[in-house]
Amino acid sequence: MAAPQDVHVRICNQEIVKFDLEVKALIQDIRDCSGPLSALTELNTKVKEKFQHLRRRIQELEQSAKEQDKESEKQALLQEVENHKKQMLSNQTSWRKANLTCKIAIDNLEKAELLQGGELLRQRKTNKESLAQTSSTITENLMGISRMMSQQVQQSEEAMQSLVNSSRTILDANEEFKSMSGTIQLGRKLITKYNRRELTDKLLIFLALALFLATVLYIVKKRLFPFL
């Protein structure tokens, strides 16, 4: 079973390697950084934190080396500590160079932006004029659409009013038709009643005429043929 001291040494070595790789990655990010300065400052802050962790682990490893019982193991660990310190110094040198390279690149970029500032202002002015013209065109189109919609609404209202008037006319015509239908039915009843009355009058006239003829014949008979 491994001693606790050996486990601590192994953990220190693993963390030293991890922080070393993280520092190298951040240094490469600084080389690739094109600004602004706030981004560079943020990267440098992260590098400082990693260096602090790395330095602390190297110190812990050095302390563990001094506590070794065997001289051979002690010297081997001290050699590893020395190698880690050299690597850390190399990383610090690379860090300074990367910062210098990044700052030069940012300065050159700012100078180029200043030289192109006039052109950019002209382009912005042109873009603003174009945007203003486009906005004016869009506004006119929207106003035209609004007028068309207003006309459509007015036409719809007129059509609705026409439908209402037509509906009223149809209702009035229906009422008149109902009234005329009642009048026609009443006229039909009167005509039927009149026809019946006329038939009754004709029958009475016929009966009266028959009675008259019978009376005349009776009188003639008594005068001409009294013996009968």
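Me: Which helix does Arg55 lie in?
Reply: Arg55 lies in helix H2. Bear in mind that this is a predicted model.

Me: Buried, exposed or partly exposed, that Arg55?
Reply: Arg55 counts as partly exposed, because its relative accessibility is 33%.

Me: Let's zoom out. How many helices and strands does the protein chain have?
Reply: It has four helices and zero strands. Read along the sequence, the pattern is α-α-α-α.

Me: How do H2 and H3 pack, at what angle and how far apart?
Reply: Helix H2 covers residues 37-66, and helix H3 covers residues 71-115. They pack at an angle of about 170°. Their axes are 9 Å apart.

Me: So what does that make H2 relative to H3, roughly?
Reply: Roughly antiparallel, because an angle over 145 degrees counts that way.

Me: What kinds of residues make up the contact of H2 with H3?
Reply: The contact of H2 with H3 divides into 15 nonpolar residues, five polar and eight charged.

Me: Back to single residues. Where is Ser64?
Reply: Ser64 is found in helix H2.

Me: Is Ser64 buried or exposed?
Reply: Buried. The relative accessible area of Ser64 is 5%, and under 20% counts as buried.

Me: Which residues touch Ser64, beyond those within four places in sequence?
Reply: Gln5, His8 and Val9 are in contact with Ser64.

Me: Now Asp20. Which helix?
Reply: Asp20 lies in helix H1, which spans residues 4-32.

Me: Buried or exposed, for Asp20?
Reply: Asp20 counts as buried, because its relative accessibility is 14%.

Me: What is Asp20 in contact with, apart from neighbours within four places in sequence?
Reply: Leu54, Gln87 and Asn91 are in contact with Asp20.

Me: Where does Lys85 sit?
Reply: Lys85 has its place in helix H3. At 29% relative accessibility, Lys85 counts as partly exposed.

Me: What are the contacts of Lys85, leaving aside neighbours within four places in sequence?
Reply: Ile58 and Glu62 are in contact with Lys85.

Me: And how are Lys85 and Leu54 separated?
Reply: Their C-alpha atoms are separated by 9.5 Å. Lys85 and Leu54 are 31 residues apart along the chain.

Me: One more residue, Asp107. Which helix is it in?
Reply: Asp107 lies in helix H3. Asp107 is partly exposed, with a relative accessible area of 40%.

Me: How far is Asp107 from Pro36?
Reply: C-alpha to C-alpha, Asp107 and Pro36 are 9.9 Å apart in space. In sequence, they are 71 residues apart.

Me: New topic. What does UniProt place at residues 203-220?
Reply: The UniProt record, an unreviewed entry, places a "transmembrane region" there.

Me: What is the helix share of residues 203-220 in the model?
Reply: The span is 100% helix and 0% strand. The end C-alpha atoms of residues 203-220 lie 26 Å apart.

Me: Last one. Of the contacts with a separation of 6 or more, what share comes from residues 24 or more positions apart?
Reply: Such residues account for 71% of those contacts in the protein chain.

Methods. Residues numbered from 1 in each chain as written. Predicted model: local features only at pLDDT ≥ 70, side-chain atom pairs only at ≥ 80, totals over all residues. Heavy atoms only, no water. Axes fitted to C-alpha atoms, helices over the stretch in contact; angles between N-to-C directions. Helix = DSSP H or I, 4+ residues; strand = E, 2+ residues; numbered from the N terminus. Parallel < 35°, antiparallel > 145°, perpendicular 65-115°, else oblique. Nonpolar A, V, L, I, M, F, W, Y, C, P; charged D, E, K, R; others polar. Contact = heavy atoms within 4.5 Å. UniProt positions renumbered as here; feature names shortened; annotations may be inferred. Buried < 20%, exposed > 50% of the residue type's maximum accessible area, 1.4 Å probe, protein only.
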